[in-house]
Amino acid sequence: MPKVAEAVLMFAPESWGQVDRFRRFWSTTYTFGGRDQRAVTGVEAHFQKCVRLMNLAEKLRPNLQIDEAQLNERGVTPADNACELATVIEAAILEIYSSVDCAVKVLRAIYGPGTRGFKDSTRSLFQKISKMSGSFPDELKPLIEGASWYWRLLHLRDELTHLETGDVRLKPETGLVWYIHQGLKDGDKPLIIDDIFGWLHEMISEVNSFLGAVFNHLNGTLADKPIFQICGMVHGRILHRWLSPVGNLTFDSGACGAWIWFEQPGNPTCPFMGVCGAYRNKAPPQGWASNAAAAPVGSAAPQSSASDG
């Protein structure tokens, strides 16, 4: 039998990004269908997948030297390593676009019914944001209008979905990796990105900032109502608290709900009770029954956030 950890801490709001925070707390403010709930989860899931693919691409990057050595020694190379690296890079591009796409789906779920012209299309939002009227918040319009990075990302996403894999090559004199795709055009010439790693890291940073700003706004709309949150586990049993998403959240925020069982004789004690402000602010024994339906959403397995998004 695998050994069960004596204690696992899962509640660390100081490390949550804006997307992660919204994912944990939307359910007391908004009613989302299954598709839109998946979009909330997908924002960070796709972003994290892009980051992991970029980490993998960095590991594959030195293998380009094998292709270069083959070319120098034989005058020809199958470029297997370049093909592998290009495939991973293009997958990262598709994932980062999917993260933006999911964010727009969340905005549509919230503001679509009250906004004239809010179509079921991500590109339409970026194209026509200045013409939208109704409930869509004015604070977000300059953010979307100023997202000049979106158009190159959209162009790549559209073409990579249907075309063959592009090509990457190492520039020995600089150590940079350039990317070229004969099927993608920059004017009347094939698309060339001289430093694909630099470009992608910049794109990830731009999207991260965009998502952080969008969900910082959405977090400001959340209702001041307590919601169930898992704090951790002790000897396989769940520790939990209730807290509102409003204001600055720390490890001391909220009101402990697990005290009702871990103070009973014979049960394991919460190892964090001595340093936890939520324990000093105990919830009533019944918790907050009006929010009981929100518990399954708030108690989803936590994910670490590698971004402000």
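Here a residue is called buried when its relative accessible area is under 20%.

**Figure 1. The whole chain at a glance.** This is a predicted model. By that cut-off, 48% of the 309 residues in the protein chain count as buried. The fold is built from eleven helices and nine strands, and its C-alpha atoms fill a box of roughly 75 × 55 × 30 Å along the principal axes. Take the contacts between residues at least 6 apart in sequence: 64% of them join residues at least 24 apart. The chain carries 30 positive and 33 negative side chains, with the centres of the two sets 8 Å apart.

**Figure 2. Phe126 meets Phe210.** The chain holds 20 aromatic pairs, and here's one of them. The ring centres of Phe126 and Phe210 are 5.9 Å apart and the planes make an angle of 35°, so this pair counts as tilted. Phe126 belongs to helix α5 (residues 122–128) and Phe210 to helix α8 (residues 196–219), so the pair ties together parts of the chain 84 residues apart in sequence. Both Phe126 and Phe210 are buried.

**Figure 3. Phe262 and Tyr279, another ring pair.** Phe262 and Tyr279 have ring centres 5.7 Å apart and planes at 35°, so this pair is tilted too. Phe262 sits in helix α9 (residues 259–262) and Tyr279 in helix α10 (residues 277–280), so the pair ties together parts 17 residues apart in sequence. Phe262 is buried, and Tyr279 is buried as well.

**Figure 4. Charges over rings.** Look for Arg241 first: its charged end sits over the ring of Phe11, 4.0 Å from the ring centre. Then hop over to Lys282, whose charged end sits over the ring of Trp259, 5.0 Å from the centre.

**Figure 5. Met54 and its contacts.** Met54 is part of helix α2 (residues 34–60). Its relative accessible area is 2%, so Met54 is buried. Which residues is Met54 in contact with, leaving aside its neighbours within four places in sequence? They are Ala92, Phe197, Leu200, His201 and Ile204. For a sense of distance, Met54 and Leu184 are 130 residues apart in sequence and 21 Å apart in space, C-alpha to C-alpha.

**Figure 6. Arg24 in helix α1.** You'll find Arg24 in helix α1, which covers residues 18–25. Is Arg24 buried or exposed? With 5% relative accessibility, Arg24 counts as buried, because the cut-off is 20%. From Arg24 to Gly34 it's ten residues in sequence and 16 Å in space, C-alpha to C-alpha.

**Figure 7. Two loop residues with a positive phi.** Ala79 isn't a glycine, yet its phi is positive, about 55°. Ala79 lies in the loop between α3 (64–74) and α4 (80–111), and with a relative accessible area of 8% it is buried. His235 isn't a glycine either, and its phi is also positive, about 50°. The loop that holds His235 runs between β7 (227–234) and β8 (237–243). Whereas Ala79 is buried, His235 is partly exposed, with a relative accessible area of 48%.

Conventions:
Residues are numbered from 1 along each chain as its sequence is written. This is a predicted model: local features need pLDDT of at least 70, side-chain atom pairs count only at pLDDT 80 or more; totals for chains, interfaces and linings use all residues. Side-chain values use heavy atoms; hydrogens and water are left out. Helices (H or I, at least four residues) and strands (E, at least two) are DSSP runs, numbered from the N terminus. Buried means under 20% relative accessible area, exposed over 50%, partly exposed in between (1.4 Å probe, protein chains only). Contact means heavy atoms within 4.5 Å. Lys and Arg count as positive and Asp and Glu as negative; His and the chain ends are not counted. The place of a charge is taken as NZ of Lys, CZ of Arg, CG of Asp or CD of Glu. Rings of Phe, Tyr and Trp (its six-membered ring) pair if their centres lie within 6.5 Å; planes under 30 degrees apart count as stacked, over 60 as edge-to-face and the rest as tilted. A charge sits over a ring if NZ of Lys or CZ of Arg is within 6 Å of the ring centre and within 35 degrees of the ring normal.
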